[in-house]
Amino acid sequence: RLRKVGFVEIQTAHAFTYQIRSEIVAKRYFKTEVIEQESLEFQISQLRAKTMRRKGKIRYEADASVMECPGEITVARRPTLIEENRAIYERYPYDFLRHIKAHREMLELASALVAEGSKVVDAGCGIGLLAEKVAGRCARYLGIDANPHFVEICRNRMRPYGNAEVVLGDLNNFRLEAEEFDCILALNVIYQEDIEPMPVLGMLRDALKPGGILVLSAPCSADSFKKCEKMMLADLDKEGALSGKDVIAEQIRAANARLLSPKGHYWSAGQISSLLRDIGFKAIERSDDSLYYGAAWLVAARR
């Protein structure tokens, strides 16, 4: 039950035996005529009691019965924010995102900014939906994700590409080679509550070659999914992708309700563009605030 409500590292801290004393008259309680007269449920309980007596778990002391029962003190840990989000992501039907028109449009916009022969970082690569679009034209593809399950899926998808590497890593503590990459993509990453946006953006900037491009996308607010849900579902219905997928639609709704936390980091396209200039990017190549029906943005900045 602890696991079901989200606790982790559930274990016995201390095992012991405790006693339950019942002030009953043993001779009457177990008299054959009483057992025969009572209900089936009572009879079953008495059979269990007899089994426990045979095993020495019930004994009699004068007119009382004493039942010895196993007990334990159980300890469990509340998961960290990263662990909670990882669990949400693992339940998220990511492959279904291929059917969502707004998500396809975002991937197309981002992948179009990757030049042929580039060295590319896909920060927060997930299961590899963007990787599938860009790895074939990269000189080098490096995918990074904090979820081991996603890393394994993305690695399997990238096996046909000899230039692709997918690694497990937390962007808050990750270090990339300085001035090594032509393009870095971080789609729907920096807004997340467990990301430290300024150190991460600085790390990604420093990994770009002079003239390299950083591509970011994110929702505009914690209400972004609510704002675009009806239009997204209408598009899915129009394309025939919603039929029989009510459970998946509900999974997406529930996951976004948790992931779009009020404690997340939200900007408009204009605000993130100003921030990128402040930390040293010289030009904004693209600023698009029309993603997901105006509920999300994509910005590309040149170092």
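Modeller: Let's start with Asn188, which is partly exposed at 24% relative accessibility. Buried means under 20% relative accessible area, exposed over 50%, and partly exposed in between (1.4 Å probe, protein chains only). This is a predicted model, where local features need pLDDT of at least 70, side-chain atom pairs count only at pLDDT 80 or more, and totals for chains, interfaces and linings use all residues. Residues are numbered from 1 along each chain as its sequence is written, and side-chain values use heavy atoms, leaving out hydrogens and water.

Biologist: Thanks! Where does Asn188 lie?

Modeller: In the loop between β7 (181–187) and α8 (197–207). Helices (H or I, at least four residues) and strands (E, at least two) are DSSP runs, numbered from the N terminus.

Biologist: Is Tyr292 buried or exposed?

Modeller: Buried, because its relative accessibility is 14%. Tyr292 lies in helix α12 (residues 291–294).

Biologist: Now a strand, please. Which residues is Gln11 in contact with, leaving aside neighbours within four places in sequence?

Modeller: Contact means heavy atoms within 4.5 Å. On that basis, Gln11 touches Ile73, Thr74 and Val75. Gln11 sits in strand β1 (residues 8–22) and is partly exposed, at a relative accessible area of 45%.
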